[in-house]
Structure formats: structure tokens, C-alpha cells
Amino acid sequence: MAGFRIFDLNPEQELAVRTTEGPLLILAGAGSGKTRVITMRTAFMLSQGIAPESILAVTFTNKAATEMRERLAGLVPEEQAKKVTMSTFHALCVRILRQDIEALGYKKNFSIYDEGDQMGLIKKIITRISARDEKLDPHVAKNAISKAKNNGWREPQDDKTLIGAVFARYNAELKTLNAVDFDDLLLLTVKLLNEHPTVQERWFRRFRYIMVDEFQDTNRLQLDLVSLLAKPHPASPEFAGARPNVAVVGDDDQSIYGWRGAEVSNILEFEAHFPGPTVVKLEQNYRSTNIILGTANSLIKNNPRRRPKKLWSAKDGGEKVKIIAMPDDRQEAEFITEEINARKTAEGLKWEDFAVLFRMNAQSRQVEENFRRLRVPYRIIGGKSFFDRREVKDVLAYAACLLNVDDDVALLRIINTPARGISDATVEKATEFSIRAKTSVFKALRDEHFLMTLRTATRNAIEKFAAFLDEFETKLHEPLSNQPAVLRALIEESGYLPDLQRTCKTPEEWMDREKSVRDIIGSFEAYEGRSDKGLQGFIDEMMLRQDQEEDEDEGGGVTLITLHASKGLEFPHVYLMGVEEGVLPHDRSKLEGTVDEERRLLYVGITRAQKTLALTWCRQRAKYGSIVPCISSSFLKELDPELIEHRDVGEILNAPVTEEKAAAKFGAIFDLLGKI
DNA sequence: GGCGAATCGTCAACC
DNA sequence: ACGATTCGCC
């Protein structure tokens, strides 16, 4: 590795790369080459002889982690790149907990509950314990629980209130089920490292060099976790006085996760947590034209409480930013998709050069439909579409049952899917019994006392089902078992597929759903090829990957993405839709007093664009099925008018067809013909 | 105990 | 406008 050289870095970037020891704070403006600095720094550390196993890079999204891993693979031998740990906070926690959670009284095969599972459990608890006239919105309860956990509380403040009682009960039941929710992943890891010095010391020794990306988005627990991993245990003489090797990268202007508990103070007061850091400011933007950057700057300067910075770009010229008024959301989607289709040909671009950004996932639907109609390839990032599908959840629930029979949520999902003679009434009885006996539903199904209360037919059905699960559980855990084959056989023999087919209304729907069942087993096979963590590891990855799962066309296509998920990415040509009062800033942000964060969100969107940027808004929009009038976002008034060009599509549609437009249309047709 | 039809509530963002 | 839930009927 002696041959590694640092190339093409500006002096600030180089300082960041070369500072490997002690705390390091990198204030990286949008597009300032942050990912490049992180990967280069990692490569540099390796060239200095630092062991790859001792390097940990934490990001927020799987996407960012993957990109970083790929970029590093381009700089150093694959052997080394593979040994560096690059993961999201949550994935890191799963890894730590899978190894050491027994110290907290859980079993290692704990299940991870996503928001859907969480909601199901909360709803059940609310109906179970609330008095008949008391009403508690499960959403409210869920948010309160999440907030409490993120603040590091473990016990309810008082369980006299209904919400406190629900919280206490929820936590108790999760533990009985040997399950943890997303917030627990962080909370329990922090608890584990805090309360068990030997465990802490092992992980501290393991990761001697830590990097955290998007540090402005860390919450209190995440900061605690970083501190616990980076700082030696006070009772450890060996490392007494050692400075933590912690490098954090972030930009307060891109802090957009306040709603998730992110505390900008973590980055603004970094010095308080890690004294005496080297501070590096990256202010040269390599991504966008000065027009786009100027537009972004004119917006963000309206925010109070920022770290002063002066972002600049060497890229002059380029097109003005377009603000386009649309009659309604339907035509907005049509306009964007057709213009992308036309520009691809007219300007000789690739589909991957374009991205459509939006505030809410729901906005993507009409765009998708139009792209499908035009046969334009696209990929949706985020949006839980794949993972949210009934059949995917069902298959994963079957798998989860094999791994943890006490996982009630998974068990109840599939206990009578397909119908196998275990009715809702029976399930209800089993659940009641399990609560009284403080055990899981599966154990209740195996309990003699419980079975005696049932009719023979029901009892037989239960015994058959339990034996069925046992059989596959045994097969799964046999040494050298082919786990994907076991999963396939489980689904096959459960009779799930014919039942799924029966519930499909059209042959297309059946083909589609059957394909996603095949896809998920296929991804497990692929996973087995690259990992040795088996079904457990695969399920973990699926649970933590609400994002992506790209559709088969690996070529990519136009990117459809939420503003939140777009952070860290860049595209030559960006369309940002729905820039209306009520959408961006979102209505709720006004009630909550978080309009500044919405402004940062728009700032993030604008700074994704390299060459051209169009912002669209609609005069009316369909909401909940009915049409409501809209006005343009107040943020648009803050943008520097010198850099903006206004258009109104109402006028364009009525205007005669220009030669250029006709040419573009022809171009699109030729393009289509060329494909056939 | 299972199934289809009406009705209800939802659309803020992520791991 | 859509998907989940509930209700009523077989």
C-alpha cells in the first residue's frame, strides 16, 4: 500500500485526509466532496498501516454506506476494503446486539419489529388495557414511545396515565416476545455498553478509528453510542489519556431529521463532547453551477442560527433555475415526465442523468404512471413499496417464525394464512392465555392446559401447524443445511402460494405477487452467496432496509426520490415538484414551528442539482381524492430573482407548437423505435 | 369459520 | 383515490 497517493485534493480536503489521530470535525458544505474525503481518508489510513478491521464508518442510509464501500473498493485492494466496517447506525447496533445482547436478558435470536409490527402491538395493547370510554390514538402513542426512547428513558415517567401504562406494557411485551423495535436497537446498545464494561472494552478495542457521516443528524443516543465506542473505559489503564480517534462530517444547513430527534447541537458543540478537535471547513462546491449554488445560498441565508460559511463554485455559466407553474398535479407529472423523455434525446443524455424529487412519497405515483406509459425506465429510492407488500411480509413472517418461535407478531401473521382451521377466536384465546401465563403464543399453543380448552378439530389443527413449524425449524438448523432451499420448501408446503393466487383479482396481479415471492427467496439465495450470517442475517438486512430494493433493470433509469432520501446524492438534471405552501413547507411544520427545517429540506433539494434545476408547483392538487386550490411556496420568494426564470405551463400548452418542441417529440419517437 | 362488500381513515420524512 | 378494517351474510 506504499504506492497510495493523495491526488486532486484541495488543501482543506488534504488536511482532513491526513488528520488520522484525535478528534476531527469536518464542516462540509453541500457538494464539497465529503464522500470523497471520507473514502480517501480511509484509504490513507490503510496506507499508513492501520488495520482495516479497526476502522468503522457510520452513515445514516444503506445507500450512503454502499456508495462509500464501492468508492473505497476503487482505491484499495478488495481484500482490505472488505474488512473495513461501513454500516448504518442501526445495522451496527444489530451486529453488536446479536453478539452480546444476552447480558441484557434477551436471547440472541431476537426479532426486529418495524413500524408496522410496532403499530400492531401498540394497537392490541391499547384495546386490551384502556377503559371503554378512554381513547388513545395509536399514532400518538407510538410517537410518544419513540420520543421517550430516543431521549434515553427506559421506564415510563408515570404509568398512571394511559399512555404511560401502554409504554410500560409495550416494553414488557416486547421483551417477552424476545423482540426489539428500531429505537431499541440504539437504546439497548447504549445500555449494553454503559452497563457492561467488559463488553464496552471489547468493542472499543475493535474500532480504534471511527468516522460518522451526516453528524448533524445524530440524536442523543447516537452521540452516546459514538462516545462509548470511541472513548476508553475510565477504569482501563491501558488507554488512559488516549485521545479518541473520532472524525465527524456534517453540515448544519443540511440538518433535516429534527423530527427523529436529531440535535444540531451535537455538531455545533462538538468540542464539548470531544475536546480539542482539529476543525476543517470544506467550502468549495464541486457539484453545481454558480447559478444553482447562488439560488441555494439566497434561500438558506433566511435561516437563523447557522454556522457562518461561504460556499463557492468555480463553475460559471449554465442555465437559470426554472420555476414552473402548473394547472394541477396531474399535468405537473405529465410535464415532467414528457420533458425528461424529450430532453434525453434532444440533448443526448442518459436516463440516469435525471432525478425527480418530492416531499412526500405519495407524490411519486402519478410520475410513475407516466413513466410507465412512456416506457421510460425509472427507479424509486425509498418508499416502502417492495417491503410493504403483503406477500413479502408474509414470507418474511414465515422465516421469522423459524428463527424465533416466540415472535408473536410474525406468528399471528401467518398462523391462519392460508386458512388452516385456526380461527380468530382461537387465536384470541391463545393470546389471552399467553398473557396470563407470561409466555409467547407459540408456547401457549404447545401448552396442555390450553389445548384442553379447545375442541378436538381445533386442537388437531394447532398440533399439525406446530409440528409443521418445528419440522422446518429443525431442518433450518441442521448443520450444512441449504437455508434458501428450506425457506422455499416451507413456503411451498405451507400452501401459501395457491392461497395467494386465490386472493388475486387479475392474472397480472397474481404474476406480480408470485414474482415478488420468488424475488425474495432469490435475494436470500444471493445473500447466502456473499454472507455467512444465514437466514438471521438476511432478515436483519431486510428489516433495516426500508429503502431501495431496486427493480431488476440494473441499468438504472430516472431516479424518483424523496427530498430526505436524496441527501448525499447528486444528479445533472433535477426536477423538484410540488413546491407549494402546505407541501413544502409542509402544513404540519407550521404547527410544529419547524419551518426552518423545511427550508433546509428545500436547500438540500436545490443543491442536489449539478447543471439544471426546475421547481414546479400546482395551482390545484388532489388531496384525499378531492381537489383543493394551492399557492406557490413562500420559499420561492426568497430565491434570488436574478438567477430565476419563470414559466407557466398553462400558457405553453395553449401556445402553438414550436419547431424545437416538435423536433423533441420526433426524437422521442425515434428513440422508442430504436429500442424495438 | 370464511368470504365479499361497504366504510373508514389517510398523505411527512428514515432506520 | 387507495388500502385497511369492519360488517354482514353464507
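Mentor: Start with the domains. Chain A is assigned domain 1 (6–97 + 192–282), domain 2 (111–177), domain 3 (290–383 + 553–675) and domain 4 (386–546). These bounds come from an automatic or database domain assignment. This is a predicted model, in which local features need pLDDT of at least 70, side-chain atom pairs count only at pLDDT 80 or more, and totals for chains, interfaces and linings use all residues. Residues are numbered from 1 along each chain as its sequence is written, chains are lettered from A and ligands numbered from 1 in the order in which they are written, and side-chain values use heavy atoms, with hydrogens and water left out.

Now look at domain 2 and domain 4. Their C-alpha centres are 25 Å apart. Contact here means heavy atoms within 4.5 Å. By that rule, 11 residues of domain 2 touch 15 residues of domain 4. The two domains bury about 1100 Å² between them, and carbon and sulfur atoms give 57% of this. Buried area is the accessible area (1.4 Å probe) that two parts lose on being put together, summed over both. Ile112, Asp114 and Leu177 supply 43% of the area that domain 2 buries against domain 4, more than any other three residues.

A salt bridge is a side-chain nitrogen of Lys or Arg within 4 Å of a carboxyl oxygen of Asp or Glu. Aspartate 114 pairs in a salt bridge with lysine 393, and their closest N and O atoms are 3.8 Å apart.

Which elements build the domain 2 side? Strand E4 (111–113), helix H6 (115–129) and helix H8 (162–176) each give two or more residues to the side that touches domain 4. H6 gives the largest share, 4 residues. Helices (H or I, at least four residues) and strands (E, at least two) are DSSP runs, numbered from the N terminus. By class, this side of domain 2 has 3 nonpolar, 3 polar and 5 charged residues. Ala, Val, Leu, Ile, Met, Phe, Trp, Tyr, Cys and Pro count as nonpolar, Asp, Glu, Lys and Arg as charged, and the others, Gly among them, as polar.

One more salt bridge deserves a look. Aspartate 406 and lysine 107 meet at 3.2 Å, N to O. Aspartate 406 lies in the loop between helix H18 (390–403) and helix H19 (408–414), and lysine 107 in the loop between helix H5 (89–100) and E4, so the pair ties together parts that are 299 residues apart in sequence. The salt bridge count comes to 46 by this rule.

Finally, two backbone details from elsewhere. A cis peptide bond, with omega about 5°, joins leucine 584 and proline 585. Proline 585 sits in the loop between strand E15 (571–576) and helix H29 (587–592). Arginine 305 is not a glycine, yet its phi is positive, about 50°. Arginine 305 lies in the loop between helix H14 (290–300) and strand E10 (312–313). Most residues other than glycine have a negative phi, and most peptide bonds are trans.
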